[in-house]
Amino acid sequence: MKLILDNVVKSFDEKEVIKGATFEFESGYIYGLLGRNGAGKTTLFNLINEDLKADDGVISVDDEKVRAIEEGDIGYVLSTPIVPDFLTGREFLKFFIDINKGQINDLKTYDEYFDIVELASEDRDRLIKDYSHGMKNKMMMLLNIISNPPIWLLDEPLTSFDVVVADEMKELLKQMKSDRLIIFSTHIMELALSLCDRIVLLKDGKLTMLEQGDMTSEEFEDHIIRILKDEQNDTDAQGETGRAL
C-alpha cells in the first residue's frame, strides 16, 4: 500500500502551515517525521486522518488502485491518549473487541492481548484513570494492534515511556512493520534514527526525505540540525524584512 500526498495545503487564518506537501509513503517502512516545534506535524496527521480538511490538494491510498482514504485504513495514536477513565483496562479492551469483533482476525484472549504490550497483570483490572500516561499510550497502541489498520500514524507515543518500555515498544513496531505503513512523529532525533527506516523532514510546510547514504548517525544528525537551523534563519530574516517594510 502507498499513502499519497499531492500538493496538500492547509492554512489557519493568515498562516499557511502546510504549503503544497507532496510525498509517497510505502508499506514495509517506519518513517520518522521530523520538524521543529510548530512545523505542522500534528496538522499533517490530522489532515491524513481527515480530522481536518485540506484547503487544496489530494490525499489518497494506492492498494492496487488509487482511491480515497476509507474507514479502517488508519490507526492514529495521539501524543495525549484519549481513553475512558471510568473503565478498567480489561473492560475497555472487552468493549473495543465487542464492537469490532466482525473485523478482527485471529481473535485472542484479553490476557494474550495485554501480554503483547506487556501490561502488568496487576494493572489489567485497575481503573484507567489510575494509569500513567505511558500505560494509557500502551492501551491505544494495543487497539491499533487489534484492529490492524494498514496505516499507522504515531504522534510522539514513546516519549511518555521509561527507557525500558520505550525499547520494548520500538522492537514491537519493528516486528510489525512488514505489512504496515508507519509514520512516526517525534522531536527526539536519537529516537527517530534508532527506530525509523527513512527520515522525512517537514520544513517550510513541505515534505522531503533525507538520504543517509554513507553518513554516520552523528553526521546525519548534524546534517538534519543544519537544515532545520537554516529554516529558522530564513524565518527570522523574513520577519526582519516584514518589520522593515
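Helices (H or I, at least four residues) and strands (E, at least two) are DSSP runs, numbered from the N terminus. The expected span of a helix is 1.5 Å times one less than its number of residues.

The structure is a predicted model, in which local features need pLDDT of at least 70 and side-chain atom pairs count only at pLDDT 80 or more, while totals for chains, interfaces and linings use all residues. Residues are numbered from 1 along each chain as its sequence is written, and side-chain values use heavy atoms, with hydrogens and water left out.

**Exercise 1. Describe the length and surroundings of helix 4.**

Step 1. Helix 4 covers residues 133-147, which is 15 residues. From the first C-alpha to the last it reaches 22 Å, close to the expected 21 Å.

Step 2. Consider burial (buried means under 20% relative accessible area, exposed over 50%, partly exposed in between, with a 1.4 Å probe and protein chains only). Because 13 of the 15 residues are buried, helix 4 is largely enclosed by the rest of the structure.

Step 3. The residue that follows helix 4 is Asn148, with a positive phi near 55°.

**Exercise 2. Determine how strand 3 is covered and which strands pair with strand 3.**

Step 1. In a regular strand the side chains alternate between the two faces of the sheet.

Step 2. Two strands pair if DSSP finds at least two bridges between them. Strand 3 pairs with strand 8 (residues 181-185) in the parallel sense over 4 bridges, and 4 bridges also join strand 3 to strand 9 (residues 198-203), again in parallel.

Step 3. Tyr31 has Ile183 as its bridge partner in strand 8 and stands opposite Arg198 in strand 9.

**Exercise 3. Classify two aromatic pairs and locate the charges over rings.**

Step 1. Rings of Phe, Tyr and Trp (its six-membered ring) pair if their centres lie within 6.5 Å; planes under 30 degrees apart count as stacked, over 60 as edge-to-face and the rest as tilted. By this rule there are 5 aromatic pairs.

Step 2. The ring centres of Phe23 and Phe25 are 4.6 Å apart and the planes stand at 50°, so this pair is tilted. Phe23 and Phe25 are both buried.

Step 3. Phe45 and Tyr76 lie 5.9 Å centre to centre with 90° between the planes, an edge-to-face pair. Since Phe45 belongs to helix 1 (residues 41-48) and Tyr76 to strand 6 (residues 74-77), the pair ties together parts that are 31 residues apart in sequence.

Step 4. Phe23, Phe25, Tyr29 and Tyr31 form one aromatic cluster.

Step 5. A charge sits over a ring if NZ of Lys or CZ of Arg is within 6 Å of the ring centre and within 35 degrees of the ring normal. The charged end of Arg198 sits over the ring of Tyr29, 3.6 Å from its centre, and Lys10 lies over the face of Phe12 at 5.5 Å from the ring centre.

**Exercise 4. State how confident the prediction is.**

Step 1. The pLDDT is the predictor's confidence in each residue, from 0 to 100. The protein averages 86, and 90% of the residues score at least 70.

Step 2. Over residues 236-245 the pLDDT is below 50, and beyond near neighbours in sequence this stretch has 0 contacts (heavy atoms within 4.5 Å) in the model.

Step 3. Where pLDDT is low, the predicted coordinates should not be read in detail.
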